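Please look over the structure below.

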Amino acid sequence: MKRSIVLATPSFLPLLEITKTAEDKNFDRIWTTENPSRDALIRALTIGLHTERIGVATGITYAFTRAPLAMAATASDIAVATGNRFEIGIGVGTQGMRSRWYGIEDFDHPASRLEEYVKVMRTAWEADKKFKHEGTYYKGNYPDLDSARTPVPIWGSGVNEIMLKLSARSCDGVATHPLVANLNYLDKVALPAMNEGRASHNRDLQIAIWRISSIDQDGDLARNRAKKNLAFYFSTPSYAAAAIESGWGEVAEQVKAMFLEKGADWESISQLIPVEMVNDFAFAGTPEEVKDQYKILEVEYAKRGVTEIVFQTVGSGDNEGETISNLNNIVNTFGR
């Protein structure tokens with residue numbers, strides 16, 4: 001089973017030492033994230049240029065902020081610059097992210113739009129100079145593409161059924177949202193959707209399960225940090241299906257109600273999250289406790305065709321020092 005880390009944190013340059021340590025400890029990949037204050041592609045390129053062997057991927061970069069032909073060129077150049085260690089994860093976010101964060105209102109039918117987006121990228125990489133695409137959402141015509149274009153493995157993402165199915169149908173891999181790490185939701189919704197999608201093509205599908213990870217010698221402190229992260233996720237209405245199918249729908253409703261009342265007071269809202277819920281979604285506790293959790297879940301995930309476990313640091317409500325400390329604990333706990 002591959003082991004990777006996702007740097008879901010505002011910190012940037014201070015993380016370079018962590019990525020080098022992860023490489024030394026034989027982690028397979030570093031994933032980068034983005035939002036309006038950070039760019040996953042720039043971070044992936046920077047990390048790739050400061051390391052030698054470890055894989056680098058975006059998890060995810062937003063499709064709705066970039067034209068697919070431009071994304072294909074960027075991905076190809078990053079792959080060349082990093083010695084073909086780069087893979088690109090693409091996603092569409094939620095409707096609220098697109099409209100509130102970026103003011104983008106015209107990215108309708110996001111799942112089917114993403115499927116065509118991936119097709120445009122592959123068409124660009126495979127074209128013999130002349131590029132032309134006439135689709136439902138994208139159109140383009142360019143007569144003289146550079147011949148030195150490097151195809152890059154593409155990862156889709158998702159938490160809900162439709163997006164997971166179309167990501168599996170169109171992409172080389174699916175990097176799941178951390179809420180998919182719950183075994184009940186994985187079995188009831190995520191795996192059936194991905195298996196339906198992958199049935200339409202002959203490519204091997206890679207599945208990377210992201211799991212919230214919080215490690216500290218004080219196990220209760222680690223679990224409390226994971227609770228804040230779960231409170232943040234379950235305050236989002238778009239994730240209601242994950243809450244219901246995982247068996248935690250009632251808690252999620254309480255979280256959403258308290259969020260509407262108090263706003264982003266994750267310290268207070270996290271008190272609604274029971275420790276059993278933490279165990280269902282996260283690696284959280286002392287290094288010894290999370291190692292024991294990992295041994296069990298690695299077997300369970302492997303049975304289900306998962307190819308990679310991605311440790312996502314907690315971050316909601318933490319400061320930079322706490323986040324970096326947790327990342328170092330992840331690297332030192334799960335390094336090989």
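**Helix H6 and its surroundings**

The buried residues of helix H6 pack against helix H5 (110-126), strand E8 (154-158), strand E9 (173-176) and helix H7 (183-198). This is a predicted model, in which local features need pLDDT of at least 70, side-chain atom pairs count only at pLDDT 80 or more, and totals for chains, interfaces and linings use all residues. Residues are numbered from 1 along each chain as its sequence is written, and side-chain values use heavy atoms, with hydrogens and water left out.

- H6 covers residues 161-170, and Met163, Leu164, Leu166, Ser167, Ala168 and Ser170 are buried there (under 20% relative accessible area, 1.4 Å probe, protein chains only).
- Helices (H or I, at least four residues) and strands (E, at least two) are DSSP runs, numbered from the N terminus.

**Helices H1 and H14**

- The axes of H1 (residues 16-24) and H14 (residues 320-334) come within 10 Å and cross at roughly 5 degrees; axes are lines fitted to C-alpha atoms over the stretch in contact, with angles from 0 to 180 degrees between N-to-C directions.
- H1 and H14 are therefore roughly parallel to each other (angles under 35 degrees).
- Ile18, Thr21 and Ala22 of H1 meet Ile324, Leu327, Asn328 and Val331 of H14, where contact means heavy atoms within 4.5 Å.

**The second largest pocket**

- Residues lining the second largest pocket include Leu69, Asp77, Trp125 and Arg149; lining residues have an atom within 4 Å of a point on a 1 Å grid, and a pocket is an open set of such points with protein on both sides within 12 Å along at least five of seven lines.
- H3 (68-81) supplies the largest share of that lining, 5 residues.

Definitions and conventions
Buried means under 20% relative accessible area, exposed over 50%, partly exposed in between (1.4 Å probe, protein chains only). Angles under 35 degrees count as roughly parallel, over 145 as roughly antiparallel, 65 to 115 as roughly perpendicular and the rest as oblique. On a 1 Å grid over the protein atoms alone, a cavity is a set of points where a 1.4 Å probe fits but cannot get out, and a pocket is an open set with protein on both sides within 12 Å along at least five of seven lines; lining residues have an atom within 4 Å of a point.
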